[in-house]
Amino acid sequence: MINHIAENLKKIKQELPDNVTLVAVSKTKPEKDILTAYQAGQRIFGENKVQEMVAKEQNLPKDIQWHMIGHLQRNKIKYIAQFVSLIHGVDSFKKLVEINKQAKKHQRVINCLLQVKIAKEDTKFGLSFKETEAILQSENLKDLDNIKISGLMGMASFTNDNEQIKNEFNSLYKLFTSLKDKYNTKNIDLKILSMGMSGDYPIAIKSGSNMVRIGSAIFGKRDYSHNNLL
Ligand SMILES: *Cc1c(COP(=O)(O)O)cnc(C)c1O
């Protein structure tokens, strides 16, 4: 089978504006595919399962920055606290407390994005706009010296209706810009707006995204037949 990973990566990178960071989503993909992308210059990779990320981190080059993009269970944070570069899917204050606790053990500050629910689907995780602001306002947040809230993350509905996708991304951009100047403390610095995947990243960028998480458009379709990773 011909490997198109390097070509796909190059093409996507050419399309991306300079201010947009690419997270190559390598979940379910073998280490050799990650190495191919690495050799083509990619350094940021996204995974959504703790066990899989830990195994890959152990075997792959140490200058890779690992982003946790999945729904992270609180009891598993300890396994990635030593090395994770950014956690995209933080959806509760309790999780921030646990991330802080585990980061402290390793004398690190872990960057986090609050995941905001913008999709109409019930299956998608995330905070409401109100809950997002409540976390930023919280007095207790000030005590968490080992985390930094560095932005927001969102996923649009899975639909062919581009107008709806655009509206959802625009709503998150609006929230992001309104909170950005309002909350700027020692552990809040809202710089990153993570939105856009293979199917919708051009729309996300037009709506103000500065970090896209792209998997299948780089690595090809995922094969779930041998596991239940989603
Ligand atoms: C899998 C995943 C992606 C990448 O999806 P593609 O459609 O393959 O680009 C992006 N973000 C999250 C949160 C994901 O779980």
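Which strands each supply at least two residues of the shell around the ligand? I looked, and they are strand 6 (147-155) and strand 9 (211-214); strands here are DSSP runs of E, at least two residues, numbered from the N terminus.

**Ground rules.** I am working with a predicted model, where local features need pLDDT of at least 70, side-chain atom pairs count only at pLDDT 80 or more, and totals for chains, interfaces and linings use all residues. Residues are numbered from 1 along each chain as its sequence is written, and side-chain values use heavy atoms, leaving out hydrogens and water.

**The ligand shell.** I listed residues with a heavy atom within 4 Å of the ligand, among them Val25, Met153, Arg213, Ser216 and Arg222.

**Polar contacts.** I then looked for pairs of N or O atoms within 3.5 Å. The side chain of Arg213 has an N or O atom 2.9 Å from a ligand nitrogen. A backbone N or O atom of Ser216 is 2.8 Å from a ligand oxygen. For Arg222, a polar side-chain atom lies 2.7 Å from an oxygen of the ligand. The ligand taken alone exposes 390 Å², and the protein buries 91% of that (Shrake-Rupley method, 1.4 Å probe).

**Helix 1.** Next I turned to helix 1 (residues 5-15), whose buried residues are Ile5, Leu9 and Ile12 (buried means under 20% relative accessible area, exposed over 50%, with a 1.4 Å probe and protein chains only; a helix is a DSSP run of H or I, at least four residues). Seen down the helix axis, these buried residues fall within an arc of 70°, so they line one face (the arc uses directions from the axis to the C-beta atoms). The face turned away carries the exposed Glu7, Lys10, Lys11 and Gln14.

Terms used:
Polar contact = N/O pair within 3.5 Å; in protein donor to acceptor, adjacent residues only side chain to side chain.
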